[in-house]
There are 2 protein chains.
Amino acid sequence: MATTNNSVLRQLMNHRSIRRFKERSLTEDQVDQLVAAAQHASTSTFSQQYSIISVTDPAILHELGQITLHPWLEKSGHYFVMVADQFRNLQIAKRAGVDPFTLHTTDKFLAAVFDTAIATENIMVAAESMDLGGTIMGSILNDTKRVIELLQLPELTFPLLGIAIGYPADEPDLKPRMAANLMHFQNRYRPDQGDDLKAYDKLIASYYQKRGSNRRTETFSSHILSELGRSHQVRADLFDNIKDQGFLLN
Amino acid sequence: MATTNNSVLRQLMNHRSIRRFKERSLTEDQVDQLVAAAQHASTSTFSQQYSIISVTDPAILHELGQITLHPWLEKSGHYFVMVADQFRNLQIAKRAGVDPFTLHTTDKFLAAVFDTAIATENIMVAAESMDLGGTIMGSILNDTKRVIELLQLPELTFPLLGIAIGYPADEPDLKPRMAANLMHFQNRYRPDQGDDLKAYDKLIASYYQKRGSNRRTETFSSHILSELGRSHQVRADLFDNIKDQGFLLN
């Protein structure tokens, strides 16, 4: 693959998650720009099925730090919770006296999840273009009941991802991704990936041995296996909590 | 909000979906760059839980055009199907003789959906930086059984989004997004959105009256209501089809 003079591509290829920040909050203007970048992303059937909660209350931030097991989020320059949202469209249906059934379906839940995740990535890309950095956190799912309560989320909304943004206080090494032939296929899925995975395991092992800090013995496969062991009983309530918010999932 | 000299922000703010393309295919190098941009996006627990199928077979493209009701996708410069993927990690678990239960959970399904949607947006951002354009399509969900069959997708994978990319043959008007105060909140959700929605309805009505082509009478609310009527019985099989691929969703 040719190297590129394209500054956007260079930025995308250099993404890394930032977990240590300088003590400096984002300005209101910066936050507005990140939200505007989110809003201009693609949205399924132009239905804008997500909302963004900026969390600035220290007590809520502290609790989110405990829920996510990432207490360092309290020291970020700004924290967003990205919320799948069919509540707004439900109000439109109710005011018009129209049957809102469709909004409760698996299809519309997934559409809201897509909108939310796509908008989330635009915030990350926008932030990095502003010399900021951050981490997208699925770990707010550790206790969705409590997040819903803290942020007073109404029916047909669901908190999906947190984003901690700030001025980077370090620059972690770039983790090597798997070879494209392991995840990019032509016309049909290629299930026989074993040998290529072995090569990737070697590459990851070498990365962890050589990187600047926190060196360890780990391959991609051993990482996946440790993930499997770790989270067996975590988030067992996730499906029921989504349903409790009014998404039918059936 | 201040105007910006930041070229990435300018690009993000100017996104529009492109549905008409010049007759020119992407080069292999361009496709590789788009895939690399996807790969460098954030991925939940660094588990890279998605795969990308490049569809170049005219017969499959034709059928995807019929399924999505977007036959113009056959005339795009390149077509991707983005696939949530825990199959790869399942193979790692099987080879190691480790219980793969976690991979079947709602939590790991959602993680794969996040990874897929986030990678999808990176492809769109990368494409636009290369003077390409395109459309992200949730409409491959219209017939997931058939998409799974066409692309020979194994267990613990699921097709989520299509992306048609190419050289833009037109520049549609930029659709105004809702005011940020309708979707960006501080610390807690604000459910009383009625008056602000009315103002947005006026803005959208004015946009559709004034835009360059395909003028019509429509507000955001009327658009949402027509969506509710249109898709009542569509994709009724979505939930069952996800479960049939091995995701437990319980």
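Q: In which sense do strand 1 of chain A and strand 5 of chain B pair, parallel or antiparallel?
A: In this predicted model, strand 1 (residues 50-54) of chain A and strand 5 (residues 184-186) of chain B pair in the parallel sense, over three bridges. Strands here are DSSP runs (E, at least two residues), numbered from the N terminus, and two strands pair if DSSP finds at least two bridges between them.

Q: What's the bridge partner of A:Ser54 there?
A: B:Gln186, in strand 5 of chain B.

Q: OK, how many residues of each chain are in contact?
A: 109 of chain A with 110 of chain B, where contact means heavy atoms within 4.5 Å.

Q: And what area is buried between them?
A: About 10,100 Å², with carbon and sulfur atoms giving 64%. That's the accessible area (1.4 Å probe) that the two parts lose on being put together, summed over both. A:Phe46, A:Asn187 and A:Tyr189 supply 8% of what chain A buries against chain B, more than any other three residues.

Q: New topic: how many salt bridges cross the interface?
A: Four, by the rule: a side-chain nitrogen of Lys or Arg within 4 Å of a carboxyl oxygen of Asp or Glu. One salt bridge is B:Lys108 with A:Glu227, whose closest N and O atoms are 3.7 Å apart.

How values were computed:
Residues numbered from 1 in each chain as written. Chains lettered and ligands numbered in written order. Predicted model: local features only at pLDDT ≥ 70, side-chain atom pairs only at ≥ 80, totals over all residues. Heavy atoms only, no water. Helix = DSSP H or I, 4+ residues; strand = E, 2+ residues; numbered from the N terminus.
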